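Student: I would like to go through this model with you. Could we begin with its charged contacts and then turn to the rest?

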Amino acid sequence: MNNHHETPEEKRERLRQEELKKNPIGTLKDGFNGNGNLADLVGSLGWKGTGILIVVLIVGYVFYKLFFLKAFT
């Protein structure tokens, strides 16, 4: 028998992880719409998706700095 009783925090985290496994697209949508948090967004993307998101943000920032700021100076 397992005598380990879950604390409320452990139970919430376990339920959150189960929901992420069952419905990753829903949590991804919530993360983008502002209803979720960053942990939900990153958790639903996985490590490859998070890496791609970071690279896209960096490339977009460099593109903005190179082309749009030069036009106004």
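Student: How many residues apart are Arg12 and Glu9 in helix 1, and what does that spacing amount to?

Tutor: Arg12 and Glu9 are 3 residues apart in helix 1 (residues 8-22), so about one helical turn separates them. Helices here are DSSP runs of H or I with at least four residues, strands are runs of E with at least two, and both are numbered from the N terminus. Please note that this is a predicted model: local features need pLDDT of at least 70, side-chain atom pairs count only at pLDDT 80 or more, and totals for chains, interfaces and linings use all residues. Residues are numbered from 1 along each chain as its sequence is written, and side-chain values use heavy atoms, with hydrogens and water left out.

Student: What do the side chains of Arg12 and Glu9 form?

Tutor: The side chains of Arg12 and Glu9 form a salt bridge, at 3.9 Å from N to O. The term requires a side-chain nitrogen of Lys or Arg within 4 Å of a carboxyl oxygen of Asp or Glu.

Student: Are Arg12 and Glu9 buried or exposed?

Tutor: Arg12 and Glu9 are both exposed. Buried means under 20% relative accessible area, exposed means over 50%, and partly exposed lies in between, with a 1.4 Å probe and protein chains only.

Student: How many salt bridges are there by this rule?

Tutor: The count is 3. Arg14 meets Glu6 at 2.8 Å, N to O, and Glu18 has its closest atoms 3.2 Å from those of Arg14, again N and O.

Student: Where do Glu18 and Arg14 lie?

Tutor: Both are in helix 1, 4 residues apart, which is about one turn of the helix. As for accessibility, Arg14 is partly exposed at 34% relative accessible area, Glu6 is partly exposed at 39%, and Glu18 is partly exposed at 32%.

Student: Changing topic, what pattern does the protein follow along the sequence?

Tutor: The pattern is α-α-α, with 3 helices and 0 strands.

Student: Which helix has the lowest mean pLDDT?

Tutor: Helix 2 (residues 24-33) has the lowest mean, 62, whereas helix 3 has the highest, 81. The score is the predictor's confidence in each residue, from 0 to 100. The protein averages 75, and 62% of the residues score at least 70.

Student: And how many aromatic pairs does the structure hold?

Tutor: The structure holds 1 aromatic pair. Phe63 and Phe67 form this tilted pair, at 4.8 Å centre to centre and 50° between the planes. Rings of Phe, Tyr and Trp (its six-membered ring) pair if their centres lie within 6.5 Å; planes under 30 degrees apart count as stacked, over 60 as edge-to-face, and the rest as tilted.

Student: How far apart are Phe63 and Phe67 in helix 3?

Tutor: They are 4 residues apart, so about one helical turn separates them. Phe63 is partly exposed, at 44% relative accessible area, while Phe67 is exposed, at 52%.

Student: Which residues form the nonpolar patch on the surface?

Tutor: The members include Ile54, Tyr61, Phe63, Phe67 and Leu69, and the patch has about 990 Å² of accessible area in total. Patches take residues with over 30% relative accessible area and no salt bridge, joining like charges within 9 Å and nonpolar side chains (Val, Leu, Ile, Met, Phe, Trp, Tyr) within 5 Å. Areas come from the Shrake-Rupley method with a 1.4 Å probe; for residues, only the protein chains shown count as cover. Leu69 lies in helix 3 (residues 38-71).
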